[in-house]
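Work through the exercises below with the structure open. Try each task before you read its solution.

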Amino acid sequence: MEDWDGESLVEAPELPLEVVVYILSFLRSSDRKEASLVCRKWYNASQDLQFQRNVTFSFPASASSLELIRGLGRRSRCRLSISQLDGFSMSRLLLQEVGACLGPKLESLALPGSSIAEASLLALLPCLTSLRRLDLGGLDSLFMSGAFLSREEHRRQVRLALSGLEELDLSDLRYLSDLTFNRLTGCTPRLRRLSLAGCHIAFEFDPYRGCPVGAVEDSSALLSLRNLRRLLTELKLTLVALDLSRTSISPESLRSIAQVQGLVLEELCLHGCKELTDYSVEALVKHQPALQRLDISACTELTNRSVEAAAHGLKRLTHLSLSGDWRITEKGVAELLSVTTLKSLNLSECLHISGTEMIKGLNCSGAARAQLESLNLKSCIYVRDFAVLSFTRHLGETLRELDLTSCANLTDLSACSIAAHLRKLVVLRLARCKEITDCGLLGVAEATRNNAEQEMGDEGPRFTGTFGIMGFFKPPRLPFEERPKVVTQNDLDQFRNHPGASFLALSRLEELDLSACPKLTDSSITQVVRYPDLRSLSLTALTEITDASLVSVARHCRSLTSLALSYCPGVSDRGVAQAAPHLHRLQHLYLSCCDNVTDRSLFLLLQHCGRLRTLDVSRCRSIASTTVDFLQSQLPFLESLHYSV
């Protein structure tokens with residue numbers, strides 16, 4: 001072979017499979033998926049066992065799923081999530097194929113949104129000898145009769161297959177009773193993680209027998225606290241994680257569980273347990289000091305005492321969620337940040353949190369403090385720029401995820417501080433931060449002045465022309481009357497001279513949410529939203545952006561799998577036509593209420609975005625129902641389609 005100068009070119013030798021596997025190990029899963037399309041050798045390399053350990057294949061039950069299951073049989077290990085199974089012949093055949101093709105290879109099985117017969121599952125379970133995780137959440141059809149695993153022969157077969165099961169999800173089961181619970185858990189002697197979230201558990205009183213729980217033998221109608229304690233005692237050497245979210249657990253019941261002799265929990269989820277009090281949390285911390293993950297969100301009776309108890313008693317704590325605990329105030333948050341192992345803190349919807357105590361905790365000189373990787377302050381309406389400026393400086397080296405959704409008092413100063421200090425951010429959510437403008441994203445906030453200050457100037461307030469009921473002063477402009485500040489050429493020049501001060505510096509972003517920030521326009525979106533690794537972007541309700549933003553995003557963010565543009569009237573067919581060829585990886589697209597999007601856009605999506613799984617074109621008045629039906633029939637992976645006029 002010769003090049004254009006006539007010099008011979010030496011063809012590079014073919015790389016060994018092991019070398020290709022090593023190269024692919026540096027790529028994310030979505031990038032490996034693209035690389036696997038290069039050739040057969042690269043495809044085989046992408047199927048290496050080290051890349052398949054945590055991959056779950058999710059799909060609905062259908063005739064086409066049979067071929068997929070047979071194809072997965074060539075893998076050495078597999079994890080499945082099959083939805084919409086029912087009692088009809090197709091679902092039964094599908095489960096038979098799972099047992100025949102994947103039986104000893106299947107490590108995880110989930111059946112969400114299904115309603116299958118007991119016989120179908122009992123025929124499948126003995127084949128799954130390598131199963132490590134089983135999700136039966138919401139499968140009321142299995143437990144309604146109370147006869148599940150009632151025969152000793154079935155229990156013996158299932159016990160042999162599930163002897164290595166480590167995780168069992170029984171959440172949202174209305175008909176789970178002591179008898180069926182004992183039969184199933186008796187087949188899982190090595191269980192490490194158990195979820196009973198949303199189950200009907202009788203913690204104090206058995207309404208069917210009219211006596212306290214525990215006064216009678218195993219119930220055929222209810223799952224009792226006594227029976228749960230028995231299981232925890234049996235599994236005390238293996239069980240490390242328990243989920244009792246959305247149950248009616250009482251303070252005394254929680255204390256009773258925490259006091260099980262020999263039980264050492266590392267994770268406990270109590271989300272939405274509204275009867276819990278500070279006393280119960282203090283007892284929990286006292287008897288389970290090894291807890292590393294604790295979720296007591298939406299426990300509305302908890303106060304600062306619970307926060308202080310967690311800060312003083314849980315020295316190994318890494319993840320704490322207090323979301324929706326509206327009684328919690330600033331007191332105790334500073335002490336919480338003294339837990340050096342803490343990595344994730346969720347204070348969303350804690351309405352009294354302003355961040356002042358958090359700043360004190362971070363500013364303590366000479367004292368070790370938490371190195372947070374995730375901080376959620378969603379709907380903490382009293383958080384202001386000063387708090388953001390402080391914690392961004394202290395957490396710049398560690399913070400990876402920041403959620404400031406609905407912190408309505410934040411301005412461009414916060415945006416500039418995030419860009420300047422949080423260079424390692426992977427997830428950033430600023431939805432409904434209505435005072436953030438283009439200047440904040442461009443990093444030129446210092447050069448701007450607040451509109452109100454410009455109106456006041458040095459001459460004092462303006463007077464109205466009349467002396468009516470409104471008084472002498474000109475009434476302030478309402479938020480919906482304000483227009484986004486026009487970015488000048490001087491602002492753009494400043495941005496180009498100092499790009500490191502803008503959102504361009506956040507080069508590692510994989511998720512960005514700027515929904516309902518009405519002062520953002522094309523001026524900033526086209527200049528700074530240029531992230532090669534960005535997977536999810538929401539620009540919902542940015543009424544000032546146009547096709548220019550859509551095209552720019554598509555060209556510079558080619559890893560996008562989810563894009564939300566609902567309520568963006570400036571987006572039209574022209575923008576979709578230019579953007580679609582760059583969005584081959586797109587799986588979720590939201591275009592609700594985009595009146596300038598027509599049938600033409602749907603045909604373009606069909607041509608270029610064949611991997612779409614979710615499409616929302618509801619209330620797009622220029623799209624015909626016949627086109628939507630045709631699109632649905634042509635997209636093989638489409639699972640959710642929203643359309644209404």
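**Exercise 1. The chain as a whole**

Task: Find what share of the contacts with a separation of 6 or more comes from residues 24 or more positions apart.

Solution: The model is predicted. Take the contacts in the chain with a separation of 6 or more; residues 24 or more positions apart account for 78% of them. Next, count the secondary structure: there are 26 helices and 24 strands. Then turn to burial. The chain has 645 residues, and 51% count as buried.

**Exercise 2. Aromatic pairs**

Task: Count the aromatic pairs, using 6.5 Å between ring centres as the limit. Then classify two of them by geometry.

Solution: A pair of aromatic rings is described by the distance of the centres and the angle of the planes. The count comes to three aromatic pairs. Start with Phe-143 and Phe-148. Their ring centres are 5.3 Å apart and their planes stand at 65 degrees, so this pair is edge-to-face. The cut-off for that class is over 60 degrees. Both Phe-143 and Phe-148 are buried.

Now take Phe-603 and Phe-630. Here the centres lie 6.1 Å apart and the planes are at 50 degrees, so the pair is tilted. Phe-603 sits in helix α25 (residues 599-608) and Phe-630 in helix α26 (residues 625-634). Check accessibility last. Phe-603 has 43% relative accessibility and counts as partly exposed. Phe-630, at 37%, is also partly exposed.

**Exercise 3. The largest pocket**

Task: Describe the lining of the largest pocket, and say which domains it lies between.

Solution: Begin with volume, which is about 2000 Å³ for the largest pocket. Next, list the lining. It holds 47 residues, and Lys-33, Val-55, Thr-56, Phe-57 and Arg-75 lie nearest the centre. Sort the lining by class: 13 residues are nonpolar, 21 polar and 13 charged.

Now assign the lining to elements. Those that supply at least two residues each include α2 (29-35), α3 (40-46), β1 (57-60) and β2 (78-83). The most comes from α2, with five residues. Domain 1 (14-55) and domain 3 (528-644) both contribute to the lining, so the pocket lies between them.

**Exercise 4. An enclosed helix**

Task: Decide from its buried residues how far helix α23 (residues 547-556) is enclosed.

Solution: List the buried residues in α23: Asp-547, Ser-549, Leu-550, Val-551, Ser-552, Val-553 and Ala-554. That is seven of the 10 residues, so the helix is largely enclosed by the rest of the structure. Then look for the cover. It includes α22 (522-528), β20 (536-538), β21 (562-564) and α24 (573-579).

Terms used:
Residues numbered from 1 in each chain as written. Predicted model: local features only at pLDDT ≥ 70, side-chain atom pairs only at ≥ 80, totals over all residues. Heavy atoms only, no water. Phe/Tyr/Trp six-rings, centres within 6.5 Å; stacked < 30°, edge-to-face > 60°. Buried < 20%, exposed > 50% of the residue type's maximum accessible area, 1.4 Å probe, protein only. Helix = DSSP H or I, 4+ residues; strand = E, 2+ residues; numbered from the N terminus. 1 Å grid on protein atoms, 1.4 Å probe; cavity = no way out; pocket = protein on both sides within 12 Å on 5 of 7 lines; lining within 4 Å. Points joined across faces, edges and corners; volume = space filled by probe spheres on them. Nonpolar A, V, L, I, M, F, W, Y, C, P; charged D, E, K, R; others polar. Domains from an automatic or database assignment. Contact = heavy atoms within 4.5 Å.
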